[in-house]
Amino acid sequence: MSFVRAFALFVCSLVLSTQEIMALDSPMGMIGVWKTEGATTTKVRLPEFQGGVLRNEAVSIVNIPTEFTPDESGCFCFPTQDDRMAWVHTYYYATAQVRHYNSILKGLGQPELRGVVIHLAKGDSQGEPGGGTMSSAEVALSFAQPALDPTIIAHEIGHALHLHLLKKSVSELIEYPPKDWRKLAGQSGVLEGTANLLAALYLGEPLIGKYDWFDASIDVNRYVNLVEDAPTLRYQFERKVKSSIYSKHYPATVALLQGWLANPLMPEAMELPDPYLASAAVNQPLWGSAVSLGFGLVEMVYLKAIAGLPEFSGYSDLASEVLRQASLVSTAWCKDLSVQFRARGVEVAADLCDGAA
Ligand SMILES: [Zn+2]
């Protein structure tokens, strides 16, 4: 063995052992892992804290409860029913997702998503359970169970990434109260549909809200025709009210929805497409593509498409931009997607796949 090679091996082993030491020093915590019947806990190495507990370059979790200290072994080991676990659990999942996106953003030459502040609260005090992300800098999440549904965390981080790419907040993208409610439904579909699709592609799981409110969850792999049978807000409100799991977890929201169903403030708005469900008209063909062509490819193409759409004008513009990006990968794929979008009542021009690579 030459001296150079021996020296190189020595340096390599030095690097490895440094990483190992860092890993051993990283804090431990208890997170929830969902199975069909509920969450079980598992002990994991948490991402390094940088600049404070539950804080690193990607995310910081705030509103940390009092008495939030590790046990004598240094582990943030709170059991499943202890609300404090929600903070550890969300930190772990959110960091992994933001770091996943940053590796893609780097490849796209886009700035990284950094310093996302996550506000956690228990229950449905913030209105719609799950979250209320208004900008890439601030994510709000509420939980019914400390092992917060990872599909809901992923949906909210999806919003943060989308808004980061656009460098805008929701209030800059969507006019509220709107002059045109139908336009709002389409714009909200782009917003919510994107968060659903990004969550589904990241997790490899098409049901959003699966663990927190299974019987009213959102399926990105659902056939929806926007013209003929788009599921309405009324339909989704009724699903939530009838859902035994949703009612158990979010009684205040159910009471609110029951009031709206009995006496709608905006009766015409109740018949508009529900943005979470109707967006499957764009999402289902993309989910199908991800299953057959690969999740990473579809994720990349979709991120390029949404980064190229600075305004929210609705499903047609979104689908058209997706086709333009897909055409750079494969004409056949682009044409297949185009047929599928049109079959779902999403208007796209016939020539978007022409002249592709
Ligand atoms: Zn959302």
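**A helix pair and a sheet**

Tutor: In helix H11, the residues Val282, Pro285, Ser289 and Leu293 meet Trp333, Leu337, Gln340 and Phe341 of helix H14, where contact requires C-beta atoms, placed from the backbone, within 7 Å, and where helices (H or I, at least four residues) and strands (E, at least two) are DSSP runs numbered from the N terminus. The model is predicted, with local features needing pLDDT of at least 70 and side-chain atom pairs pLDDT 80 or more, while totals for chains, interfaces and linings use all residues. Residues are numbered from 1 along each chain as its sequence is written.

The residues of the contact of H11 with H14 divide into six nonpolar, two polar and no charged, with Ala, Val, Leu, Ile, Met, Phe, Trp, Tyr, Cys and Pro taken as nonpolar, Asp, Glu, Lys and Arg as charged, and the others, Gly among them, as polar. The axes of H11 (residues 280–293) and H14 (residues 331–343) come within 9 Å and cross at roughly 145 degrees, axes being lines fitted to C-alpha atoms, for helices over the stretch in contact, with angles from 0 to 180 degrees between N-to-C directions.

Turning to the sheet, three strands form an open arrangement in the order E2-E1-E4 with mixed pairing, a pair requiring at least two DSSP bridges. Strands E2 (38–45) and E4 (75–76) each have a single partner strand and stand at the edges, so one side of each is left without a neighbour in the sheet. Strand E1 (residues 28–35) runs antiparallel to E2, joined by eight bridges, and Met30 has Lys43 in E2 as its bridge partner. Across E1, E2 and E4 lies helix H2 (residues 85–108), which runs at about 80 degrees to E1.

Terms used
Two residues are in contact if their C-beta atoms, placed from the backbone, lie within 7 Å.
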